[in-house]
Amino acid sequence: MNQLSVTRQLFDDVMVPNYAPAAIIPVRGEGSRLWDQDGRDYIDFAGGIAVTGLGHAHPRLVAALNEQAKKLWHVSNVLTNEPALNLARRLCELTFAERVFFANSGAEANEAALKLARKYSADYFGSDKREIIAFTPSFHGRTLFTVTVGGQPKYTEGFEPLPQGITHVPFNDLAAFAAAISERTCAVILEPVLGESGVISATPEFLQGVRELCDQHRALLIFDEVQCGNGRSGHLYAYMAYGVTPDILTTAKGLGGGFPISAMLTTAAIARSLSVGSHGTTYGGNPLGCAVAGAVLDIISDPELLAGVRHKHAVFMAGLHRINQRFGVFRELRGKGLLLGCELTEAWHGRSRDFIKAALDQRLLVLVAGPDVIRLAPSLIIPDDVIEDGLQRFEQAIAHLVSQTTQ
Ligand SMILES: *Cc1c(COP(=O)(O)O)cnc(C)c1O
(Lines give C-alpha, C1' and ligand atoms only; values in the text may rest on other atoms or scores of the structure.)
Protein backbone atom coordinates (compact mmCIF):
# COMPACT_ATOMS: atom_id res chain seq x y z
CA MET A 1 0.00 0.00 0.00
CA ASN A 2 1.25 3.48 -0.75
CA GLN A 3 1.28 6.29 1.77
CA LEU A 4 -0.86 8.82 -0.10
CA SER A 5 -2.63 11.29 2.15
CA VAL A 6 -6.19 10.62 3.27
CA THR A 7 -8.50 13.58 2.79
CA ARG A 8 -12.23 14.19 2.79
CA GLN A 9 -11.98 14.49 -1.02
CA LEU A 10 -10.97 10.82 -1.14
CA PHE A 11 -14.43 9.90 0.15
CA ASP A 12 -16.01 11.31 -3.00
CA ASP A 13 -13.46 9.50 -5.15
CA VAL A 14 -13.73 5.99 -3.69
CA MET A 15 -16.96 5.66 -1.67
CA VAL A 16 -20.54 5.00 -2.71
CA PRO A 17 -22.24 8.39 -2.35
CA ASN A 18 -24.96 7.33 0.11
CA TYR A 19 -23.44 9.42 2.93
CA ALA A 20 -22.37 13.05 3.07
CA PRO A 21 -19.79 13.12 5.89
CA ALA A 22 -18.53 16.39 7.36
CA ALA A 23 -15.31 17.97 6.17
CA ILE A 24 -13.16 16.90 9.12
CA ILE A 25 -11.74 13.41 9.66
CA PRO A 26 -11.38 12.40 13.32
CA VAL A 27 -8.40 10.22 14.08
CA ARG A 28 -8.53 9.77 17.86
CA GLY A 29 -11.02 9.93 20.70
CA GLU A 30 -10.90 9.93 24.47
CA GLY A 31 -13.95 10.22 26.67
CA SER A 32 -16.20 12.91 25.19
CA ARG A 33 -13.48 14.49 23.05
CA LEU A 34 -12.28 13.76 19.53
CA TRP A 35 -9.26 15.03 17.61
CA ASP A 36 -9.06 15.51 13.87
CA GLN A 37 -6.13 15.07 11.47
CA ASP A 38 -4.87 18.56 12.30
CA GLY A 39 -4.98 17.99 16.05
CA ARG A 40 -8.07 20.17 16.59
CA ASP A 41 -10.28 18.98 19.45
CA TYR A 42 -14.04 18.47 19.31
CA ILE A 43 -16.58 17.90 22.05
CA ASP A 44 -18.80 14.98 21.22
CA PHE A 45 -22.52 15.42 21.96
CA ALA A 46 -23.32 13.00 19.11
CA GLY A 47 -21.78 9.77 20.36
CA GLY A 48 -21.53 8.28 16.89
CA ILE A 49 -25.35 8.43 16.74
CA ALA A 50 -26.07 7.29 20.30
CA VAL A 51 -23.51 4.47 20.13
CA THR A 52 -20.46 5.43 22.21
CA GLY A 53 -22.42 5.49 25.46
CA LEU A 54 -19.25 5.27 27.51
CA GLY A 55 -17.33 7.76 25.41
CA HIS A 56 -14.27 6.95 23.32
CA ALA A 57 -11.54 4.53 24.37
CA HIS A 58 -13.03 3.73 27.79
CA PRO A 59 -10.21 1.88 29.59
CA ARG A 60 -12.42 -1.04 30.64
CA LEU A 61 -13.71 -1.54 27.09
CA VAL A 62 -10.22 -1.26 25.65
CA ALA A 63 -9.05 -3.88 28.14
CA ALA A 64 -11.97 -6.21 27.39
CA LEU A 65 -11.33 -5.93 23.66
CA ASN A 66 -7.57 -6.43 23.96
CA GLU A 67 -7.86 -9.38 26.30
CA GLN A 68 -10.35 -11.12 24.04
CA ALA A 69 -8.32 -10.21 20.93
CA LYS A 70 -5.41 -12.25 22.27
CA LYS A 71 -7.60 -15.30 22.87
CA LEU A 72 -10.29 -15.88 20.24
CA TRP A 73 -11.92 -13.69 17.58
CA HIS A 74 -14.38 -15.87 15.80
CA VAL A 75 -15.67 -19.42 15.76
CA SER A 76 -19.11 -19.06 14.04
CA ASN A 77 -22.30 -20.48 15.46
CA VAL A 78 -21.20 -24.01 14.65
CA LEU A 79 -19.60 -23.59 18.07
CA THR A 80 -20.65 -21.44 20.99
CA ASN A 81 -18.29 -19.28 23.05
CA GLU A 82 -17.89 -18.05 26.61
CA PRO A 83 -18.28 -14.28 26.08
CA ALA A 84 -21.58 -14.81 24.22
CA LEU A 85 -23.02 -17.11 26.89
CA ASN A 86 -21.92 -14.81 29.70
CA LEU A 87 -23.47 -11.80 27.98
CA ALA A 88 -26.73 -13.64 27.29
CA ARG A 89 -26.91 -14.80 30.91
CA ARG A 90 -26.42 -11.23 32.15
CA LEU A 91 -29.09 -9.87 29.78
CA CYS A 92 -31.53 -12.51 31.05
CA GLU A 93 -30.71 -11.65 34.68
CA LEU A 94 -31.16 -7.93 34.11
CA THR A 95 -34.33 -7.92 31.96
CA PHE A 96 -37.58 -9.78 31.31
CA ALA A 97 -35.77 -11.97 28.78
CA GLU A 98 -35.28 -15.72 29.00
CA ARG A 99 -33.64 -16.19 25.60
CA VAL A 100 -31.24 -14.06 23.53
CA PHE A 101 -30.26 -13.93 19.85
CA PHE A 102 -27.18 -11.93 18.84
CA ALA A 103 -26.65 -10.10 15.57
CA ASN A 104 -24.46 -7.25 14.39
CA SER A 105 -26.68 -4.21 13.83
CA GLY A 106 -30.00 -2.74 14.86
CA ALA A 107 -31.61 -3.58 11.56
CA GLU A 108 -30.57 -7.21 11.90
CA ALA A 109 -31.98 -7.46 15.42
CA ASN A 110 -35.28 -6.02 14.16
CA GLU A 111 -35.22 -8.30 11.13
CA ALA A 112 -34.87 -11.24 13.54
CA ALA A 113 -37.70 -9.94 15.75
CA LEU A 114 -40.08 -9.47 12.82
CA LYS A 115 -39.22 -12.85 11.34
CA LEU A 116 -39.67 -14.48 14.75
CA ALA A 117 -43.08 -12.84 15.14
CA ARG A 118 -44.20 -14.11 11.73
CA LYS A 119 -42.84 -17.59 12.46
CA TYR A 120 -44.46 -17.74 15.90
CA SER A 121 -47.75 -16.74 14.34
CA ALA A 122 -47.39 -19.39 11.63
CA ASP A 123 -46.62 -22.01 14.28
CA TYR A 124 -49.56 -21.23 16.56
CA PHE A 125 -52.22 -19.38 14.54
CA GLY A 126 -51.86 -20.42 10.89
CA SER A 127 -51.78 -18.30 7.75
CA ASP A 128 -54.38 -15.60 8.52
CA LYS A 129 -52.39 -13.83 11.21
CA ARG A 130 -49.52 -12.16 9.33
CA GLU A 131 -50.02 -8.44 9.67
CA ILE A 132 -47.44 -6.20 11.34
CA ILE A 133 -48.45 -2.82 12.73
CA ALA A 134 -45.83 -0.09 13.03
CA PHE A 135 -46.06 3.64 13.75
CA THR A 136 -45.29 6.84 11.90
CA PRO A 137 -42.94 8.44 12.23
CA SER A 138 -40.46 5.74 13.23
CA PHE A 139 -37.20 4.13 12.21
CA HIS A 140 -36.28 0.45 12.42
CA GLY A 141 -33.31 0.05 10.05
CA ARG A 142 -32.46 -0.21 6.37
CA THR A 143 -32.95 -3.83 5.34
CA LEU A 144 -35.88 -4.08 2.96
CA PHE A 145 -38.18 -5.53 5.66
CA THR A 146 -37.19 -3.09 8.42
CA VAL A 147 -37.17 -0.04 6.16
CA THR A 148 -40.66 -0.94 4.97
CA VAL A 149 -41.80 -1.35 8.57
CA GLY A 150 -40.28 2.07 9.31
CA GLY A 151 -42.77 3.47 6.83
CA GLN A 152 -40.88 6.53 5.57
CA PRO A 153 -41.47 6.78 1.80
CA LYS A 154 -38.20 8.65 1.23
CA TYR A 155 -36.33 5.54 2.39
CA THR A 156 -38.32 2.97 0.38
CA GLU A 157 -38.81 4.81 -2.92
CA GLY A 158 -37.09 3.00 -5.76
CA PHE A 159 -36.62 -0.21 -3.79
CA GLU A 160 -40.01 -1.74 -4.62
CA PRO A 161 -41.50 -4.31 -4.60
CA LEU A 162 -41.65 -4.09 -0.82
CA PRO A 163 -42.56 -6.77 1.74
CA GLN A 164 -46.30 -7.03 2.30
CA GLY A 165 -48.63 -7.12 5.28
CA ILE A 166 -47.41 -3.98 7.05
CA THR A 167 -49.80 -1.31 8.37
CA HIS A 168 -48.90 2.12 9.75
CA VAL A 169 -50.67 4.10 12.46
CA PRO A 170 -49.76 7.51 13.97
CA PHE A 171 -47.47 7.23 17.02
CA ASN A 172 -49.04 7.98 20.40
CA ASP A 173 -52.56 7.71 18.88
CA LEU A 174 -54.21 4.93 20.85
CA ALA A 175 -57.61 5.33 19.19
CA ALA A 176 -56.10 4.93 15.72
CA PHE A 177 -54.21 1.88 16.91
CA ALA A 178 -57.33 0.36 18.48
CA ALA A 179 -59.08 0.78 15.13
CA ALA A 180 -56.20 -0.85 13.22
CA ILE A 181 -55.42 -3.92 15.34
CA SER A 182 -57.37 -7.11 14.67
CA GLU A 183 -57.14 -10.88 14.86
CA ARG A 184 -55.03 -10.64 11.68
CA THR A 185 -52.31 -8.71 13.54
CA CYS A 186 -49.33 -10.91 14.39
CA ALA A 187 -47.01 -8.26 15.81
CA VAL A 188 -46.73 -4.61 16.75
CA ILE A 189 -43.37 -2.83 16.76
CA LEU A 190 -42.51 0.54 18.30
CA GLU A 191 -39.72 2.63 19.75
CA PRO A 192 -40.61 3.65 23.35
CA VAL A 193 -38.69 6.85 22.62
CA LEU A 194 -38.49 7.84 18.94
CA GLY A 195 -34.84 8.45 18.07
CA GLU A 196 -34.33 9.39 14.42
CA SER A 197 -37.90 10.63 14.17
CA GLY A 198 -37.65 13.62 16.46
CA VAL A 199 -36.92 12.40 20.04
CA ILE A 200 -40.54 11.88 21.08
CA SER A 201 -41.42 9.74 24.09
CA ALA A 202 -44.37 7.38 24.06
CA THR A 203 -46.98 8.47 26.57
CA PRO A 204 -47.46 5.97 29.41
CA GLU A 205 -51.17 5.60 28.49
CA PHE A 206 -50.22 4.82 24.89
CA LEU A 207 -47.72 2.10 25.81
CA GLN A 208 -50.09 0.62 28.38
CA GLY A 209 -52.98 0.68 25.93
CA VAL A 210 -50.92 -0.91 23.14
CA ARG A 211 -49.87 -3.68 25.54
CA GLU A 212 -53.48 -4.40 26.52
CA LEU A 213 -54.73 -4.44 22.93
CA CYS A 214 -51.87 -6.73 21.88
CA ASP A 215 -52.86 -9.15 24.65
CA GLN A 216 -56.52 -9.04 23.63
CA HIS A 217 -55.65 -9.80 20.00
CA ARG A 218 -52.83 -12.25 20.74
CA ALA A 219 -50.32 -10.07 18.90
CA LEU A 220 -46.67 -9.96 19.94
CA LEU A 221 -45.38 -6.60 21.14
CA ILE A 222 -41.86 -5.70 19.99
CA PHE A 223 -39.98 -2.79 21.55
CA ASP A 224 -37.19 -1.40 19.38
CA GLU A 225 -34.71 -0.14 21.97
CA VAL A 226 -31.85 -0.02 19.50
CA GLN A 227 -31.35 3.66 20.34
CA CYS A 228 -33.16 4.33 23.64
CA GLY A 229 -31.84 1.17 25.36
CA ASN A 230 -28.63 0.47 27.26
CA GLY A 231 -28.95 3.23 29.83
CA ARG A 232 -29.58 6.06 27.38
CA SER A 233 -33.04 6.85 28.81
CA GLY A 234 -31.70 6.97 32.36
CA HIS A 235 -32.92 3.40 32.93
CA LEU A 236 -31.19 0.25 31.71
CA TYR A 237 -33.99 -0.23 29.17
CA ALA A 238 -36.70 2.34 28.62
CA TYR A 239 -39.52 -0.19 29.10
CA MET A 240 -38.52 -0.56 32.76
CA ALA A 241 -39.48 3.02 33.63
CA TYR A 242 -42.83 2.64 31.83
CA GLY A 243 -43.59 -0.62 33.60
CA VAL A 244 -44.77 -2.08 30.30
CA THR A 245 -42.99 -5.26 29.25
CA PRO A 246 -42.69 -6.29 25.59
CA ASP A 247 -42.66 -9.85 24.24
CA ILE A 248 -39.56 -9.13 22.20
CA LEU A 249 -36.98 -6.37 22.72
CA THR A 250 -34.28 -5.41 20.26
CA THR A 251 -31.20 -3.40 21.08
CA ALA A 252 -27.89 -2.43 19.49
CA LYS A 253 -26.12 0.96 19.31
CA GLY A 254 -24.98 1.53 22.93
CA LEU A 255 -24.74 -2.20 23.66
CA GLY A 256 -21.28 -2.47 22.11
CA GLY A 257 -20.18 1.08 22.89
CA GLY A 258 -18.80 1.29 19.34
CA PHE A 259 -18.23 -2.38 18.59
CA PRO A 260 -20.98 -3.59 16.22
CA ILE A 261 -23.28 -5.93 18.12
CA SER A 262 -27.03 -6.23 18.57
CA ALA A 263 -29.36 -8.44 20.53
CA MET A 264 -32.94 -9.64 20.38
CA LEU A 265 -34.40 -10.58 23.75
CA THR A 266 -37.53 -12.66 24.25
CA THR A 267 -39.23 -15.31 26.35
CA ALA A 268 -38.49 -19.04 26.20
CA ALA A 269 -41.98 -19.80 24.83
CA ILE A 270 -41.67 -17.38 21.92
CA ALA A 271 -38.01 -18.19 21.25
CA ARG A 272 -39.00 -21.81 20.55
CA SER A 273 -40.26 -20.76 17.11
CA LEU A 274 -36.74 -19.96 15.92
CA SER A 275 -35.92 -23.66 15.82
CA VAL A 276 -32.59 -25.06 14.61
CA GLY A 277 -31.77 -23.76 11.15
CA SER A 278 -34.69 -21.31 10.93
CA HIS A 279 -32.58 -18.15 11.22
CA GLY A 280 -28.96 -17.17 11.71
CA THR A 281 -25.99 -14.94 10.98
CA THR A 282 -22.30 -15.77 10.66
CA TYR A 283 -20.95 -13.15 13.05
CA GLY A 284 -23.81 -13.02 15.56
CA GLY A 285 -22.48 -13.50 19.08
CA ASN A 286 -18.84 -13.34 18.04
CA PRO A 287 -16.44 -13.38 21.01
CA LEU A 288 -14.94 -9.92 20.43
CA GLY A 289 -18.29 -8.13 20.32
CA CYS A 290 -19.69 -10.08 23.25
CA ALA A 291 -16.60 -9.47 25.40
CA VAL A 292 -16.91 -5.72 24.83
CA ALA A 293 -20.69 -5.69 25.33
CA GLY A 294 -20.23 -7.68 28.55
CA ALA A 295 -17.97 -4.92 29.87
CA VAL A 296 -20.45 -2.26 28.70
CA LEU A 297 -23.35 -4.01 30.44
CA ASP A 298 -21.38 -4.35 33.69
CA ILE A 299 -20.82 -0.60 33.71
CA ILE A 300 -24.23 0.65 32.55
CA SER A 301 -26.29 -1.63 34.77
CA ASP A 302 -24.86 0.13 37.84
CA PRO A 303 -27.73 2.11 39.47
CA GLU A 304 -25.30 4.93 40.25
CA LEU A 305 -24.41 5.33 36.59
CA LEU A 306 -28.11 5.39 35.68
CA ALA A 307 -28.80 8.01 38.35
CA GLY A 308 -25.89 9.97 36.87
CA VAL A 309 -27.58 9.90 33.46
CA ARG A 310 -30.74 11.40 34.98
CA HIS A 311 -28.65 14.06 36.75
CA LYS A 312 -26.84 14.96 33.52
CA HIS A 313 -30.23 15.21 31.81
CA ALA A 314 -31.08 17.99 34.24
CA VAL A 315 -27.72 19.71 33.66
CA PHE A 316 -28.29 19.66 29.90
CA MET A 317 -31.88 20.84 30.20
CA ALA A 318 -30.95 23.77 32.43
CA GLY A 319 -28.19 24.82 30.02
CA LEU A 320 -30.38 24.46 26.95
CA HIS A 321 -33.17 26.50 28.54
CA ARG A 322 -30.61 29.19 29.38
CA ILE A 323 -29.44 29.27 25.75
CA ASN A 324 -33.03 29.44 24.59
CA GLN A 325 -33.80 32.37 26.87
CA ARG A 326 -31.18 34.30 24.94
CA PHE A 327 -32.08 33.27 21.39
CA GLY A 328 -35.60 31.80 21.43
CA VAL A 329 -34.78 29.31 18.66
CA PHE A 330 -36.29 26.26 20.38
CA ARG A 331 -39.98 25.55 20.55
CA GLU A 332 -39.55 22.57 22.85
CA LEU A 333 -36.72 20.89 24.74
CA ARG A 334 -37.48 17.25 25.41
CA GLY A 335 -36.20 13.71 25.68
CA LYS A 336 -35.31 11.13 28.29
CA GLY A 337 -31.96 10.69 30.01
CA LEU A 338 -29.24 11.59 27.54
CA LEU A 339 -31.34 11.34 24.40
CA LEU A 340 -32.31 14.97 24.02
CA GLY A 341 -34.29 16.77 21.36
CA CYS A 342 -34.35 20.52 20.71
CA GLU A 343 -37.26 21.26 18.40
CA LEU A 344 -36.75 24.46 16.43
CA THR A 345 -39.36 27.20 16.30
CA GLU A 346 -41.46 27.59 13.18
CA ALA A 347 -39.11 30.28 11.83
CA TRP A 348 -36.20 27.80 11.94
CA HIS A 349 -38.08 24.75 10.67
CA GLY A 350 -36.19 22.79 8.03
CA ARG A 351 -32.84 24.17 9.16
CA SER A 352 -31.54 21.63 11.70
CA ARG A 353 -28.57 20.83 9.43
CA ASP A 354 -27.45 24.45 9.58
CA PHE A 355 -27.13 24.02 13.35
CA ILE A 356 -24.91 20.96 12.89
CA LYS A 357 -22.63 22.96 10.60
CA ALA A 358 -22.55 25.95 12.92
CA ALA A 359 -21.74 23.64 15.86
CA LEU A 360 -18.96 21.94 13.91
CA ASP A 361 -17.42 25.37 13.28
CA GLN A 362 -17.27 25.71 17.09
CA ARG A 363 -15.76 22.21 17.32
CA LEU A 364 -18.88 20.58 18.72
CA LEU A 365 -20.59 17.49 17.31
CA VAL A 366 -24.40 17.32 17.49
CA LEU A 367 -27.03 15.36 15.55
CA VAL A 368 -30.32 16.07 13.87
CA ALA A 369 -33.53 14.08 14.24
CA GLY A 370 -35.28 15.21 11.10
CA PRO A 371 -35.26 18.72 9.60
CA ASP A 372 -36.75 20.45 12.65
CA VAL A 373 -35.01 18.86 15.63
CA ILE A 374 -31.43 18.94 16.92
CA ARG A 375 -30.59 15.77 18.78
CA LEU A 376 -27.96 15.26 21.47
CA ALA A 377 -26.79 11.78 22.44
CA PRO A 378 -23.58 12.27 24.41
CA SER A 379 -21.67 9.75 26.49
CA LEU A 380 -23.61 8.59 29.56
CA ILE A 381 -20.57 9.48 31.69
CA ILE A 382 -19.72 12.84 30.15
CA PRO A 383 -18.29 15.00 32.97
CA ASP A 384 -20.37 18.03 33.97
CA ASP A 385 -17.56 20.46 33.06
CA VAL A 386 -17.40 19.01 29.54
CA ILE A 387 -21.18 19.43 29.28
CA GLU A 388 -20.75 23.10 30.20
CA ASP A 389 -17.87 23.55 27.73
CA GLY A 390 -19.95 21.90 24.97
CA LEU A 391 -23.01 24.00 25.79
CA GLN A 392 -20.89 27.15 25.57
CA ARG A 393 -19.79 26.09 22.09
CA PHE A 394 -23.41 25.38 21.22
CA GLU A 395 -24.38 28.86 22.40
CA GLN A 396 -21.61 30.40 20.28
CA ALA A 397 -22.76 28.39 17.28
CA ILE A 398 -26.32 29.60 17.67
CA ALA A 399 -25.15 33.17 18.19
CA HIS A 400 -23.30 33.01 14.86
CA LEU A 401 -26.22 31.42 13.07
CA VAL A 402 -28.68 33.97 14.44
CA SER A 403 -26.43 36.93 13.55
CA GLN A 404 -25.91 35.59 10.00
CA THR A 405 -29.62 35.06 9.52
CA THR A 406 -30.73 38.48 10.73
CA GLN A 407 -28.10 40.41 8.77
C1 LIG B 1 -30.25 3.07 14.48
C2 LIG B 1 -31.56 2.40 14.65
C3 LIG B 1 -31.88 1.21 13.97
C4 LIG B 1 -30.96 0.61 12.94
O5 LIG B 1 -29.74 0.19 13.47
P6 LIG B 1 -28.51 -0.14 12.49
O7 LIG B 1 -27.44 -0.60 13.42
O8 LIG B 1 -28.19 1.12 11.76
O9 LIG B 1 -28.98 -1.20 11.57
C10 LIG B 1 -33.07 0.59 14.26
N11 LIG B 1 -33.93 1.11 15.15
C12 LIG B 1 -33.67 2.25 15.82
C13 LIG B 1 -34.66 2.76 16.82
C14 LIG B 1 -32.49 2.95 15.57
O15 LIG B 1 -32.24 4.09 16.22
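This briefing covers annotated sites, backbone geometry, salt bridges and a surface patch in one protein structure. The model is predicted.

**Annotated positions**

- Thr281 sits in the loop between helix 11 (268–271) and helix 12 (287–300). Apart from residues up to four places away in sequence, Thr281 touches Asn77, Phe101, Phe102, Ala103, Asn104 and Glu108.
- Arg142 is located in the loop that runs between strand 5 (131–136) and helix 6 (144–150). Its relative accessibility is 54%, so Arg142 counts as exposed.
- With residues up to four places away in sequence set aside, Arg142 touches Ala107, Val147 and Tyr155.
- Beyond its neighbours within four places in sequence, Lys253 is in contact with Ile49, Ala50, Val51, Glu196, Val226 and Gln227.

**Backbone geometry**

- Thr136 and Pro137 are joined by a cis peptide bond with omega near -5°. Pro137 is in the loop between strand 5 and helix 6, and Arg142 is in the loop between strand 5 and helix 6 as well.
- The peptide bond between Glu160 and Pro161 is also cis, with omega about 0°. Pro161 is found in the loop between helix 7 (153–156) and strand 6 (166–170).
- Ala57, a residue other than glycine, has a positive phi near 55°; Ala57 lies in the loop between helix 2 (47–50) and helix 3 (59–71).
- Asn172 likewise has a positive phi, near 65°, and is in the loop between strand 6 and helix 8 (174–180). Asn172 counts as partly exposed because its relative accessible area is 27%.

**Salt bridges**

- Arg363 and Asp41 form a salt bridge through their side chains, at 2.6 Å from N to O. Arg363 is in the loop between helix 14 (352–361) and strand 15 (364–365) and Asp41 is in strand 3 (residues 41–44), so this pair ties together parts that are 322 residues apart in sequence.
- Arg363 is partly exposed at 28% relative accessibility, whereas Asp41, at 18%, is buried.
- Arg8 and Asp12 form a salt bridge at 3.1 Å from N to O. Both residues belong to helix 1 and are four residues apart, about one turn of the helix.
- Arg8 is partly exposed at 21% relative accessibility, and Asp12 is partly exposed at 48%.
- Arg40 and Asp38 are paired in a salt bridge whose closest N and O atoms are 3.4 Å apart. Arg40 is partly exposed, with a relative accessible area of 40%, while Asp38 is exposed at 59%.

**Surface patch**

- A nonpolar patch on the surface consists of Val6, Leu10, Val14 and Met15, which together have about 350 Å² of accessible area.
- Val14 is part of helix 1 (residues 8–14) and, with 56% relative accessibility, counts as exposed.

Technical notes
Residues are numbered from 1 along each chain as its sequence is written. This is a predicted model: local features need pLDDT of at least 70, side-chain atom pairs count only at pLDDT 80 or more; totals for chains, interfaces and linings use all residues. Side-chain values use heavy atoms; hydrogens and water are left out. Patches are made of residues with over 30% relative accessible area and no salt bridge: like charges are joined within 9 Å, nonpolar side chains (Val, Leu, Ile, Met, Phe, Trp, Tyr) within 5 Å. Accessible areas come from the Shrake-Rupley method with a 1.4 Å probe; for residues, only the protein chains shown count as cover. A salt bridge is a side-chain nitrogen of Lys or Arg within 4 Å of a carboxyl oxygen of Asp or Glu. Helices (H or I, at least four residues) and strands (E, at least two) are DSSP runs, numbered from the N terminus. Buried means under 20% relative accessible area, exposed over 50%, partly exposed in between (1.4 Å probe, protein chains only). Contact means heavy atoms within 4.5 Å.
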